[in-house]
Amino acid sequence: MFEMLVKLGLSEKEAKVYLATLELGTDTAQNIALKADVNRATTYVTLEKLMNQGLVTTSEEGKKTVFTASDPHELTHYLEEQKREIESKKQYLDGAISQLMAVYNAKSGKPTVRFYQGGEGIAALNATSPEAGVFTDELLLIIPVNILELSRRPSVLSSLFSGTPSLRYLCSSPSGEVSEATRQLLPANGLIVSDDILSFEGLLVIYPGWGVKWYAFETHPYGMLLQSADFAQNMKSLFELAWAGSTAYSQQLMGSQT
């Protein structure tokens, strides 16, 4: 029985004290300590833990405090509580794992790819950012206009735009223009280009020297993080090429209109 209780999650001392209390029925901490072969001070502490777990109760008999083991069926409730605690810890870990991985990969230099699904996944992807001192360049974005015009996107964009010391964007639009309301969502430093020049699906976010995020907002939103300094640098080079081409095209277009 001792091994069984330990497998259920009780510590060795908790298993010994619980079995001793179960065998004695109702008794003092001193007698329980003798029966369990555990010192008296430790037995008091262990009995307190067992009471918190619902496995032992206490009462007064005259001037003595006595302890009684609960019905063994209470072990089922104990396991259910353990399960709830594990689920709670797992949810906490799920929320923290991306930040832990960011630190791990920053130190190890290993590239990593992570996939995120649904609203909670998008929120987790948003929360995953370079640690202080890793990302020092400007943030680079490629944004299709339809993402800006969807009412549920501003919260994602505001989290990207806020707190960034420097940012440039390329926004692709079928007409090469955006409405005033859409323009209000964008920071100042960027270019609006026609889909004929730059056709892009999803939101691309480049952190030079750290990694790249990609968001897709369809019926079921999802996203991806590719954390690699080399890959991010390559994507920055491609962005600069697109920026130079879009700038030249814009200047040519304005020249033809004058």
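Mentor: Let us call a residue buried when its relative accessible area is under 20%, exposed when it is over 50%, and partly exposed in between, using a 1.4 Å probe and protein chains only. What you see is a predicted model, where local features need pLDDT of at least 70, side-chain atom pairs count only at pLDDT 80 or more, and totals for chains, interfaces and linings use all residues. Residues are numbered from 1 along each chain as its sequence is written, and side-chain values use heavy atoms, leaving out hydrogens and water.

Start with the loop. Phe217 sits between strand E9 (211-216) and strand E10 (222-227); strands (E, at least two residues) and helices (H or I, at least four) are DSSP runs, numbered from the N terminus. With a relative accessible area of 11%, Phe217 counts as buried. Its C-alpha is 7.3 Å from that of Ile147, although 70 residues separate Phe217 and Ile147 in sequence.

Now turn to helix H6, residues 118-127, whose buried residues are Gly121, Ile122, Leu125 and Asn126. These four lie on the same side of H6 because they cover an arc of only 140° around the axis, the arc being that of the directions from the helix axis to the C-beta atoms. Gly119 and Glu120, on the other side of H6, are exposed.

As for the whole, the protein chain has 10 helices and 10 strands, and 38% of its 258 residues count as buried.
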